[in-house]
Amino acid sequence: KEAIRFVHEVLDLGVNFIDTAPAYWYSESYLGKALNGKRADIILATKVGEHCDPTGSWYDYSYEATLRFIDQSLQRLATDTIDLIQIHSAPLEVLDRGETFAALEKARKAGKVRHIGMTGGVQECARALELGCYETVQVPYNLPHLGAEKEVLPRATHLDAGVIIMRGLAGGKLTSKFENLHDEALRRRISSFQQFIGEGRATDLSHLALGYLLAQPQVSTVIVGGRKIEHVRKNIAAALAPLHPALIDELRAHAAALETQVW
């Protein structure tokens, strides 16, 4: 009941893209209940290839397993069609073999899914775009890690592919939580971004992080998790307050400089 109430509150705030997966425990089942009567307003994305439950986690990217993943997700999500189906943590060999994509394409022709994408690291997302058959990639990208900016975004522009950002807040590190990090070097590195806060620039680290990502024209959306509705409200407010272009340039230069330093 708490999960359903939370989803309804998020939808009331205007969020219309939800990303889930069989690997996220009971997420699909909860969403199937929460989206009852609201499905038409949502772009719903899920994944194939990884499953996780109380017995553990396992991976299967085979043709047959992929089709089973889709049918099971449709049942749990209580929907006839998945808007975006993605290969979960797609390894390079899975992309190159093409077996998983072939199953996803079959499901698309059957009307079970509308669009095909993948999730993975920078190298894997770059390879998926090179293959030219994936409509979206979900890639880690944040101020301390700009690899996607060089390897993924230009390719996405050329192919007009959607780019979904995961770990935009670096797993919560680009918030006040960074002060609790045990890694002193990482703590100092993130702390260095605080010089760009205040005086009409950015309100806090989260605003810096989200504002920078959303300023990139190739970025379609940023996935930001939140355990409390006030976190969601704060992140929405940050997303709706664009950073000045000059600040974006400063941030890029500072982040690039950090990558060349030893911490």
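Arg127 and Glu130 are three residues apart in helix H6, so about one helical turn separates them. The model is a predicted one, and in it these two side chains form a salt bridge in which the closest N and O atoms are 3.2 Å apart. Arg127 counts as partly exposed, at 28% relative accessibility, and Glu130 is likewise in the partly exposed class, with a value of 46%.

Arg155 forms a salt bridge with Glu151, and here the closest N and O atoms are 3.5 Å apart. Arg155 has a relative accessible area of 27% and is partly exposed, while Glu151, at 39% relative accessibility, also counts as partly exposed. Through salt bridges that share partners, Asp96, Arg127, Glu130, Glu151 and Arg155 are joined into one network.

A search of the whole structure finds 17 salt bridges. In one of these, the side chains of Arg108 and Glu135 meet with an N to O distance of 2.5 Å. This pair links distant parts of the chain, since Arg108 belongs to helix H5 (residues 99–109) and Glu135, 27 residues away, to the loop between helix H6 (122–131) and strand E7 (136–140).

Are the two partners buried, partly exposed or exposed? Arg108 counts as partly exposed at 24% relative accessibility, and Glu135 counts as partly exposed at 28%.

## Aromatic pairs and a surface patch

Five aromatic pairs are found when the whole structure is searched. In the pair made by Trp58 and Phe69, the ring centres are 5.7 Å apart and the planes stand at 35 degrees, so the pair is tilted; the stacked class would have required planes under 30 degrees apart, and the edge-to-face class planes over 60. Trp58 lies in strand E4 (residues 56–59) and Phe69 in helix H3 (residues 63–77), so the pair ties together parts that are eleven residues apart in sequence. Phe69 is buried, with a relative accessible area of 2%, whereas Trp58, at 40% relative accessibility, counts as partly exposed.

Trp25, Tyr26 and Tyr30 form one aromatic cluster. These three residues, Trp25, Tyr26 and Tyr30, also make up a nonpolar patch on the surface, with about 360 Å² of accessible area together. Within this group, Tyr26 is found in the loop between strand E1 (17–19) and helix H2 (27–34), and its relative accessibility of 43% places Tyr26 in the partly exposed class.

## Cys52 and its surroundings

Cys52 is found in strand E3 (residues 50–53) and counts as buried, at 15% relative accessibility. The C-alpha atoms of Cys52 and Trp25 are separated by 5.7 Å, although the two residues are 27 residues apart along the chain. When neighbours within four places in sequence are left aside, Cys52 is in contact with Pro22, Ala23, Trp25 and Ser57.

## Nonpolar cores

Which residues have the most contacts inside the largest nonpolar core? This core has 58 residues, and those with the most contacts inside it are Ile70, Ile87, Met118, Tyr141, Phe193, Leu208 and Leu251. Helix H10 (residues 205–214) supplies the largest share of this core, namely six residues.

Apart from this core lies another one, of nine residues, including Val7, Leu11, Leu31 and Leu44. Returning to Phe193, its contacts, not counting residues up to four places away in sequence, are with Leu143, Leu205, Leu208, Leu251, His254, Ala255 and Leu258.

## Tyr63 in helix H3

Tyr63 lies in helix H3 and is partly exposed, with a relative accessible area of 27%. Leaving aside neighbours within four places in sequence, Tyr63 is in contact with Glu99, Ala102, Ala103 and Lys106.

Terms used:
Residues are numbered from 1 along each chain as its sequence is written. This is a predicted model: local features need pLDDT of at least 70, side-chain atom pairs count only at pLDDT 80 or more; totals for chains, interfaces and linings use all residues. Side-chain values use heavy atoms; hydrogens and water are left out. Rings of Phe, Tyr and Trp (its six-membered ring) pair if their centres lie within 6.5 Å; planes under 30 degrees apart count as stacked, over 60 as edge-to-face and the rest as tilted. Helices (H or I, at least four residues) and strands (E, at least two) are DSSP runs, numbered from the N terminus. Buried means under 20% relative accessible area, exposed over 50%, partly exposed in between (1.4 Å probe, protein chains only). Patches are made of residues with over 30% relative accessible area and no salt bridge: like charges are joined within 9 Å, nonpolar side chains (Val, Leu, Ile, Met, Phe, Trp, Tyr) within 5 Å. Accessible areas come from the Shrake-Rupley method with a 1.4 Å probe; for residues, only the protein chains shown count as cover. A salt bridge is a side-chain nitrogen of Lys or Arg within 4 Å of a carboxyl oxygen of Asp or Glu. A nonpolar core is a set of buried Ala, Val, Leu, Ile, Met, Phe, Trp, Tyr and Cys residues joined through side-chain atoms within 4.5 Å. Contact means heavy atoms within 4.5 Å.
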